[in-house]
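Please have the sequence and the structure in view as I go.

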Amino acid sequence: QVRLVQSEGGLVQSGGSLRLACVASGFTFSDYPMTWYRQSPGKEREAVADISSAGSTVHYADSVKGRFIISRDNSKSTLYLQMNDLKPEDTAMYYCKRPGRQLSREMEYWGQGTQVTVSS
């Protein structure tokens with residue numbers, strides 16, 4: 001079955017760095033674009049960064065542009081989010097997501113979430 005297993009997050013000081021990983025199984029990882037989302041208490045879940053299936057095209061939310069880097073290693077079925085120059089407002093639960101496919105009636109899948117806390 002499809003699984004997205006995320007690495008542990010943690011507590012980091014403002015200005016610090018952290019790398020998140022999302023290990024996929026149960027499907028052909030290289031066939032799907034992937035997205036990182038985050039959600040803070042009381043706020044809606046927002047897309048942080050997305051990457052094409054081959055990794056050649058990426059997009060970032062304005063709030064993280066220039067600080068976060070999304071990447072993937074299709075040989076390891078793993079998605080990454082390198083977070084640099086972290087700020088307290090980056091504190092959130094982070095999720096990786098595989099999209100669904102309407103034509104083949106495939107549903108979307110989410111990782112279990114990783115808490116990232118940035119102290120000022």
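This is a predicted model: local features need pLDDT of at least 70, side-chain atom pairs count only at pLDDT 80 or more; totals for chains, interfaces and linings use all residues.

I will start with Thr 78, where the backbone oxygen of Lys 76 lies 2.8 Å from a polar atom of the Thr 78 side chain. Thr 78 itself sits in strand S8, and because its relative accessible area is 6%, under the 20% cut-off, it counts as buried. Setting aside residues up to four places away in sequence, Thr 78 touches Ala 21, Cys 22, Val 23, Phe 29, Ser 71, Arg 72 and Asp 73.

One of those partners, Cys 22, brings us to the disulfide, of which the structure holds 1. Cys 22 is linked to Cys 96, with the two sulfur atoms 2.1 Å apart, and the link is right-handed, with 65° about the S-S bond. Since Cys 22 belongs to strand S3 and Cys 96 to strand S9, the pair ties together parts that are 74 residues apart in sequence. Both cysteines, Cys 22 and Cys 96, are buried.

Now to the largest nonpolar core, which has 27 residues, and in which Trp 36, Val 48, Phe 68, Leu 79, Leu 81, Met 83 and Tyr 94 touch the most other members. Strands S3, S4, S5, S7, S8, S9 and S11 each supply at least two residues of this core.

Which residues does Leu 81 contact, leaving aside its neighbours within four places in sequence? Among them are Leu 18, Leu 20, Trp 36, Val 48, Phe 68, Ile 70 and Tyr 94, and the list also includes Arg 19.

Definitions and conventions
Residues are numbered from 1 along each chain as its sequence is written. Side-chain values use heavy atoms; hydrogens and water are left out. A nonpolar core is a set of buried Ala, Val, Leu, Ile, Met, Phe, Trp, Tyr and Cys residues joined through side-chain atoms within 4.5 Å. Buried means under 20% relative accessible area, exposed over 50%, partly exposed in between (1.4 Å probe, protein chains only). Helices (H or I, at least four residues) and strands (E, at least two) are DSSP runs, numbered from the N terminus. Contact means heavy atoms within 4.5 Å. A polar contact is a pair of N or O atoms within 3.5 Å; within protein, one must be able to donate a hydrogen and the other to accept it, and residues adjacent in sequence count only if both atoms are side-chain atoms. A disulfide is a pair of cysteine sulfur atoms within 2.5 Å.
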